[in-house]
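Look over the sequence and the fold before reading on.

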Amino acid sequence: MTAFWVDDNTDPYPGYARLRAEGGLIPHEMDDVPVTIATRYDECSAVLTGSEWGHGYSAGISPFRDTVAAIPGSFVRMDPPEHGRLRGLVNKAFTPRTVADMVPLAQNVVSSLMDEALSAGEIDVLNGLAVPLAVAMIPGRLLGAPVSDGHLFRRWQLAIARGSDPDHLLNADAIEARGVAAQECLTYFHALIQEKKARPTDDLLSELIAVEQAGDQLSEREVLGLCLLLLVAGMETSINLIGNGMLALLRNPDQLDLLRARPDLMASAIDEMLRYDAPTQFTIRVALSDTTVGTHEFKRGDGVVVLTASASRDELVYENADSLDITRYEGNRPARRHMGFSLGLHYCVGAPLARLEAETAFRALLDRAPSLSLATPEVEYQPSLIHRGILALPVKLG
Ligand code: HEM
């Protein structure tokens with residue numbers, strides 16, 4: 001598994017810096033398809049926010065073979081108007097009010113995990129905190145699935161997320177594991193949907209089923225696809241924000257101490273973590289009509305790999321771009337928006353829930369453990385390009 005821009009998946013950032021030095025838009029061939037890699041902030045931002053850009057699957061012009069796009073209901077790869085119809089239905093679950101209602105659940109889950117961890121003197125921040133929290137919030141709360149099936153959700157989500165890299169960068173085992181996981185997951189949620197049809201509960205899945213049953217706004221296959229999308233898009237990323245963010249704090253003890261001393265910096269710190277080491281490293285877009293970015297001309301159907309994690313480290317936009325500075329997004333003159341949640345029409349719909357999960361986990365760790373230190377200096381990364389996340393994060397609690 002390699003792409004030309006990453007020579008070491010423990011640290012892709014020097015590779016991104018070399019690309020930015022070469023230019024903001026770099027021609028490349030991906031899976032035999034000529035594409036352009038957008039590396040710098042301005043070019044990435046122009047593509048993500050420009051109305052001439054989208055995915056082009058419904059128009060049949062995308063040069064990318066993308067497995068996510070093949071899932072019915074997977075609006076992350078759709079263009080208007082289908083995109084707006086599905087996003088609007090899911091968006092209801094992420095209003096400030098609905099997310100505020102989820103706070104007590106997140107706090108209870110984290111609090112009991114911390115009770116256990118403090119008596120053991122150690123916690124795996126990833127598997128012992130971030131994973132069970134994400135299971136409780138996403139399949140548990142949003143989809144109304146039993147949290148006792150957490151091991152299944154984590155296994156499926158990892159295999160599907162791993163398989164969301166371009167196919168030519170995956171080995172046969174990863175492709176097979178992705179197919180098996182997707183099938184098992186669809187079978188599971190198909191059964192859950194039948195159960196909720198008979199006995200609706202208070203969750204987003206039951207609401208989506210009600211919309212499906214009320215008329216022609218949503219098909220059952222789309223409801224199923226939405227379950228898969230929320231499971232993978234939500235779990236993988238929110239787990240990795242907690243893992244990558246905590247690792248960044250532990251490797252920058254001055255910033256960890258500062259956050260302890262100034263809890264009011266939490267929101268700014270989370271934005272900085274998303275800028276500094278984002279769970280999602282890149283996305284793709286297609287020119288929906290002939291257009292230009294700067295002086296570069298694109299034809300309808302041209303594909304761009306938008307290296308958002310590189311844009312978020314662009315030294316032309318951020319001072320000391322390679323340093324973690326939790327005050328960067330503080331106050332009324334914050335730094336330019338990072339691309340951790342993307343920009344434009346596809347800006348992460350689950351961002352408020354991701355922030356809630358991260359804030360609850362970091363607050364509990366900082367408030368309840370008198371000291372935090374890495375149990376082992378080295379960490380192992382998932383073998384993935386699009387998702388950046390570690391496999392375990394054992395931490396000693398003082
Ligand atoms: C730290 C955690 C998260 C990160 C870093 C993240 C990142 C992203 C990014 C980068 C995109 C846009 C992709 C693009 O522009 O092509 C996106 C979209 C999306 N995210 Fe998240 N996400 C996170 C958490 C969540 C959560 C918790 C959920 C739901 C439970 C969620 C659901 C979605 C969905 C449904 C979309 C598609 C939005 C659209 O296309 O309109 N995400 N996310």
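In which loop does Pro-81 lie? Pro-81 is in the loop between β3 and α3. Helices here are DSSP runs of H or I with at least four residues, strands are E runs of at least two, and both are numbered from the N terminus. A cis peptide bond joins Pro-80 and Pro-81, with omega about 0°.

This is a predicted model, in which local features need pLDDT of at least 70 and side-chain atom pairs count only at pLDDT 80 or more, while totals for chains, interfaces and linings use all residues. Residues are numbered from 1 along each chain as its sequence is written, and side-chain values use heavy atoms, with hydrogens and water left out.

Now to the ligand. Cys-348 sits in the loop between α13 (308-311) and α14 (351-368). Asn-320 lies in the loop between α13 and α14. Asn-320 is not a glycine, yet has a positive phi of about 45°.

The ligand is surrounded by 28 residues, counted when a heavy atom lies within 4 Å of the molecule. The closest are His-83, Arg-87, Thr-283, His-346 and Cys-348. By class, the shell has 15 nonpolar, ten polar and three charged residues. Here Ala, Val, Leu, Ile, Met, Phe, Trp, Tyr, Cys and Pro count as nonpolar, Asp, Glu, Lys and Arg as charged, and the others, Gly among them, as polar.

For Arg-285 the distance is 2.8 Å. For Ser-342 it is 2.7 Å. For His-346 it is 2.6 Å. Two or more shell residues come from each of α3 (82-91), α10 (220-251) and β5 (283-287). The largest share, seven residues, belongs to α10.

β5 leads on to the sheet. Five strands form an open sheet in the order β1-β2-β8-β5-β3, with mixed pairing. β1 (25-30) and β3 (53-54) stand at the edges with a single partner strand each, so one side of each has no neighbour in the sheet. Two strands pair if DSSP finds at least two bridges between them. Strands of a sheet pair through backbone hydrogen bonds, either parallel or antiparallel.

β3 and β5 run antiparallel and are joined by two bridges. Gly-54 stands opposite Val-286 in β5.

Leu-25 has Ala-38 in β2 as its bridge partner. β1 and β2 form a hairpin with two residues between them. In that turn, Asp-31 has a positive phi of about 55°.

Key:
Polar contact = N/O pair within 3.5 Å; in protein donor to acceptor, adjacent residues only side chain to side chain.
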